[in-house]
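This briefing is meant to be read beside the sequence and the coordinates.

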Amino acid sequence: MSKEKKPVNGKETRVSHLPEHGPIAENGKEILLSLKDVDITFGKGDHAVRAVKNASFDIYKGETFSLVGESGSGKTTIGRAVIRVNRCAKGEIQYKGVRISGKMPRALDREVIRNIQMVFQDPAASLNERATVDYIISEGLYNFHLYENEEDRVRKVEKIIEEVGLLPEHLTRYPHEFSGGQRQRIGLARAMVMEPELVIADEPISALDVSIRAQVLNLLKKFQKEKDLTYLFIAHDLSIVRFISDRIGVIYKGDIVEVADAEELFDFPMHPYTRSLISAIPIPDPQLEKKKALFTYDPSIHDYSEDKPELVCIGHDHYVYGNKKEIEDYKAIRERGVPLKSITILDSEEEAAQQTKTAAETAAAVSAGSADFLESPLHDTGSKWYAIASFFLPLFGIIAAYIFKHFKHIRNFKMCRKGALIGFGMIGVVIALFLILLLLATL
């Protein structure tokens, strides 16, 4: 039973231990992990970068929830926030209905550490090269004293090492003596020996040979079936994600743009970014692959200047990110019930090559703004003093603004322009008042 403190002066209830079960969703499933409007920010002040914006989704007990998106979209950032390596700037993360982001009692902290384990992307960097495999796997057992005696510890370690496909004699060796696939098995054994409820698999197969990937995926499914595990599976390869996931969340530049059941997402990919990811899945037939037309996502098709977007359910437990007009269009398309075609095969390779060239030009145009931002000078800080100086000297401020713009000091340009415009406005108000007083004096 969880020990609860009664709310005082309207403050939230704090618990010192996890409950046996999490809250039940409307569909009758138990919610194990829940993200509610989570923002994750790196840096401070003018240099702050919002890596994740208003991320909200639930993971049900016993399922595999996959988070997919291109590199740099914020997938791993969310995974690291769940294990509390990254702090939440806003919102909260709940495990079994208990908030685990931010400060918590030590007893609850230890429970969360034991119940949520992570399998990392790089099997070489995530293992201590100076420790034997025996110690690497046993470290969690030592820290939480999850064994009765030394004989029990050895038994647990040997059992788990055999379950991941290695041998007990491997326990005396060091990580550098193993291949990439074997190292990932060691990392998997280190997580599974803790008997967790939730495992965050951060692209666990991306660094492995193709022939080894299926073996590691089969291991993950085997453990899930035997131990009733829940997975947050982070990946960028939708072709693999489709066949191992119960539900899929798509993330683009920190925004969760779509969440749905695996088959639902592939049959009805509503958001154009999801369609672009699906169109990039390689076709195993080389001839068809040559004739495939890529679908390129262009963010400029959205007009969010006034009607702000939200993640909204369009029915069938399918959530899409969009403004009111887009959501109405998505609902209408979904209600027709006709699966959407994301992969187009053209009649000839020439047409496909031209289509690919056009797509590449579109992608280059889309990324041009980002490239300009990344190439901006180091001292483009956007200091408020530029705005203050431009306010008192608006003419010089507007000149300085466009000089900054010429040299791609975009932040400095905006601050100078803002200060100058306010300064000109104030001068206009003063002149108008002077003319009004002058007019009244002459009457």
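**Core, sheets and a packed helix**

In the largest nonpolar core, which has 56 residues, the members that touch the most other members are Ile137, Ile186, Met192, Phe223, Leu238, Ile248 and Val250. A separate, second core has 32 residues, among them Leu32, Leu67, Val98 and Ile234. The model is a predicted one, and its secondary structure comes to 15 helices and 14 strands.

**Overall and core**
- The protein has 443 residues, of which 42% count as buried.
- Leu238, one of the core residues that touch the most other members, is in contact with Val68, Phe266, Leu277, Ile278 and Ile281 when residues up to four places away in sequence are not counted.
- In soluble globular proteins, nonpolar side chains tend to be buried together.

- An open sheet is formed by 8 strands in the order 6-7-8-3-9-10-13-12, and its pairing is mixed.
- Its edges are strand 6 and strand 12 (310-313), each of which pairs on one side only, and the twist from one strand to the next averages 20°.
- Strand 12 and strand 13 (residues 319-322) run antiparallel and are joined by 4 bridges; within this pair, Leu311 stands opposite Tyr321 of strand 13.
- Helix 6 packs on this sheet through contacts with strand 3 and strand 8, and the direction of helix 6 makes about 160° with that of strand 8.

**Helix 6**
- Helix 6 (residues 210-227) contains 18 residues and reaches 26 Å from its first C-alpha to its last, close to the 26 Å expected at 1.5 Å a residue.
- Its buried residues are Val216, Leu217, Leu219, Leu220, Phe223 and Gln224; these lie on the same side of helix 6 because they cover an arc of only 150° around the axis.
- An α-helix has 3.6 residues a turn, so residues three or four places apart point the same way.
- The buried residues of helix 6 pack against strand 3 (64-68), helix 4 (150-163), helix 5 (180-192), strand 8 (230-235) and helix 7 (238-244).
- On the face of helix 6 turned away from the buried side are the exposed residues Ser211, Asn218, Lys225 and Glu226.
- Asp228 follows helix 6 and has a positive phi, near 55°.

- Strand 1 (residues 31-42) and strand 4 (residues 90-95) run antiparallel and are joined by 5 bridges, and the bridge partner of Leu33 in strand 4 is Tyr95.

**A loop position, Ser126**
- Ser126 is located in the loop between strand 6 (116-119) and helix 3 (133-144).
- Leaving aside neighbours within four places in sequence, Ser126 is in contact with Phe120 and Arg190.
- Although Ser126 and Gly187 are 61 residues apart in sequence, their C-alpha atoms are 7.7 Å apart in space.

Notes: Residues are numbered from 1 along each chain as its sequence is written. This is a predicted model: local features need pLDDT of at least 70, side-chain atom pairs count only at pLDDT 80 or more; totals for chains, interfaces and linings use all residues. Side-chain values use heavy atoms; hydrogens and water are left out. Two strands pair if DSSP finds at least two bridges between them. Helices (H or I, at least four residues) and strands (E, at least two) are DSSP runs, numbered from the N terminus. The expected span of a helix is 1.5 Å times one less than its number of residues. Buried means under 20% relative accessible area, exposed over 50%, partly exposed in between (1.4 Å probe, protein chains only). The arc is that of the directions from the helix axis to the C-beta atoms. Contact means heavy atoms within 4.5 Å. A nonpolar core is a set of buried Ala, Val, Leu, Ile, Met, Phe, Trp, Tyr and Cys residues joined through side-chain atoms within 4.5 Å. Axes are lines fitted to C-alpha atoms, for helices over the stretch in contact, and angles run from 0 to 180 degrees between N-to-C directions.
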